[in-house]
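User: I'd like to go through this structure with you. Can you walk me through the contacts?
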Amino acid sequence: MAETHSLQDMRQQAAVAAKVFIQRDYTNGTVCQFQTKFPSELETRIDKQQFEETVRTLNNLYAEAEKLGSQSYIEGCLACLTAYTVFLCMETHYEKVLKKIAKYIQEQNDKIYTPRGLLLTDPIERGLRVVEVTIFEDRSLTR
Amino acid sequence: MMKNCEYQQIDPRALTVSPCSAQNQHTEKRAQRPRRKWEVFPGKNRFFCDGRIILARQSGVLPLTLGLIVVTCGLFFAFDCPFLVKHLTVFIPVIGAVLFVFVVISLLRTSFTDPGILPRATPDEAADIEKQIDTSGSSTYRPPPRTKEILINQQVVKLKYCFTCKTFRPPRTSHCSLCDNCVERFDHHCPWVGNCVGKRNYRFFYSFIISLSFLTSFIFGCVITHITLRSQTGKSLVQAIQESPASVVELVICFFSIWSILGLSGFHTYLVASNLTTNEDIKGSWSSKRAAEESGNPYSYNSIITNCCVTLCGPMPPSLIDRRGFLSLDEAIPTSSASEIELPPFLAKNDAHMCTQSTKDVLERMVHSFDLHALCPPGTPKTSPLGMEVSSTTATSPEASPPAGCSPQLADQPMAAPCPLFSSRSSSKRDSLHSINPAFRLASPSPSLSRATLIPGDAPDTGFIPLP
């Protein structure tokens, strides 16, 4: 996995200049959404549109995970009838979407963020509280 | 410039040079096996089966609950079923068995599932939040209010800052002092189940009490039928009871359980239909009496069916604490030394607050030596959010009061989390100068007092280096 190697190498070699935290947006209740406001620390590093697009896609993915549709109801009723033992063998819809989100973040990191000296951390590793953006020192400038 | 002196962010890698961390590194190497995250979990939980099963520190009366259910059902199957199968139908033990299995599985799922624990903030996050509070805080003597107001569905909701978890609690989240965790959609801490009831296990809890209501009513009905049938065959009631004494035991247990369990089921059905938690209902957060203008529950979908579906059949959120994940190498070291670093000896802003601080330290040390809980004085500032909950719990008398069966153990005891930290001091105190500990930063910056002063005597006996 060449990409992960490069990320890890980067983490070890580059110094962390700062960390920016994108907090949760609770205006629609307790559903998992993140604020799309563009943090000022990233102004020099990345295009505002691109960043907001990333956060918006993440928000849509989380909304899909928590969507109250017929599929989630069927899953819930089936689970209730089997005394919730069905969860021991089946993966929930939420978990499936979380895997999709992890893949999306990895892909965004590889394509957009790592070349700019940034790193997005999957929110699930921070308890779905924040999207952590690590800003690495820009070696090309410090030379 | 002054502001910059007040706190500095810890660079986790700088910790590796301190003697304590070097010691930890050494012990890590000696251990020589990757540790899982549950082993360093900061809350008061117990883990079994290598992190698969999570329980509260005190299992409460869970063994009693299980014992009562098993004994009652055992007596039922052994003494009442043979008679009833002969005189009525064979389906009676079948229905009984199905209900029994359902009850036990629901109970175990409720007890052993992570209720929706929110992991604590990483040091970087805590520092970031601190920075934001500071820039917007007032420069008065009093500690800045640790609340944030947000709009949810056009309604103002206050988010409180959790001093233990170092983050602003999401809406509907509450900190359980018994488990020392913030739990999402916190309902209550149930001693009968030995765990908190929150977002992830509420549906299990609800199915447990509903199925238990059916089970106790079913057994009660069957036992009454049994005794009636026996006494009808020419014998008196007393004779019938003498022939089957176990039935009386079951009758007594069921009779007393039914009142509380049925009441509890009814109460929780009301909560589910209105998308409320026990916590919110008791505090009267959304009751119309409190608010001057019309304010309702902002989380309700205003339809009973939708509320029920959402609460009980909604998507199952994942556990956020990742118990069985492995600690990465850079996490393993700071985790153990971070607990020593979160000591209070840092930059005070003025003497008055250092006085309060040191008094709090003494109190907390006393508390720790008396083994926590019962003796924690409720007046300490850190516990003020919880203290408020206590006063409102005792003051308000909820209309649909939860019966004794599951008395919500709201935060009637202050958090004891920092107490163990006090006793685990080490030589890394010099490094802890730059620690971030919002719990103890009481006042906002005042330039003349940016040089730290230390109060002798009761202050924590730490090494102290003034910042340049």
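User: How many residues of chain B are in contact with chain A?
Analyst: 36 residues of chain B are in contact (heavy atoms within 4.5 Å) with 37 residues of chain A. This is a predicted model: local features need pLDDT of at least 70, side-chain atom pairs count only at pLDDT 80 or more, and totals for chains, interfaces and linings use all residues. Residues are numbered from 1 along each chain as its sequence is written, chains are lettered from A in the order in which they are written, and side-chain values use heavy atoms, without hydrogens and water.
User: Which residues of chain B lose the most area to chain A?
Analyst: Glu125(B), Cys313(B) and Pro315(B), together 19% of what that side buries. Buried area is the accessible area (1.4 Å probe) that two parts lose on being put together, summed over both.
User: And the total between chain B and chain A, with what on carbon and sulfur atoms?
Analyst: About 2,900 Å², 64% of it on carbon and sulfur atoms.
User: How many salt bridges across the interface?
Analyst: Two. A salt bridge is a side-chain nitrogen of Lys or Arg within 4 Å of a carboxyl oxygen of Asp or Glu. Arg129(A) and Glu125(B) meet in a salt bridge at 2.8 Å, N to O.
User: Switching topic. Where is Asp187(B)?
Analyst: In chain B, Asp187(B) is in the loop between strand E8 (181-183) and strand E9 (188-190). Strands here are DSSP runs of E, at least two residues, numbered from the N terminus.

Technical notes:
Helices (H or I, at least four residues) and strands (E, at least two) are DSSP runs, numbered from the N terminus.
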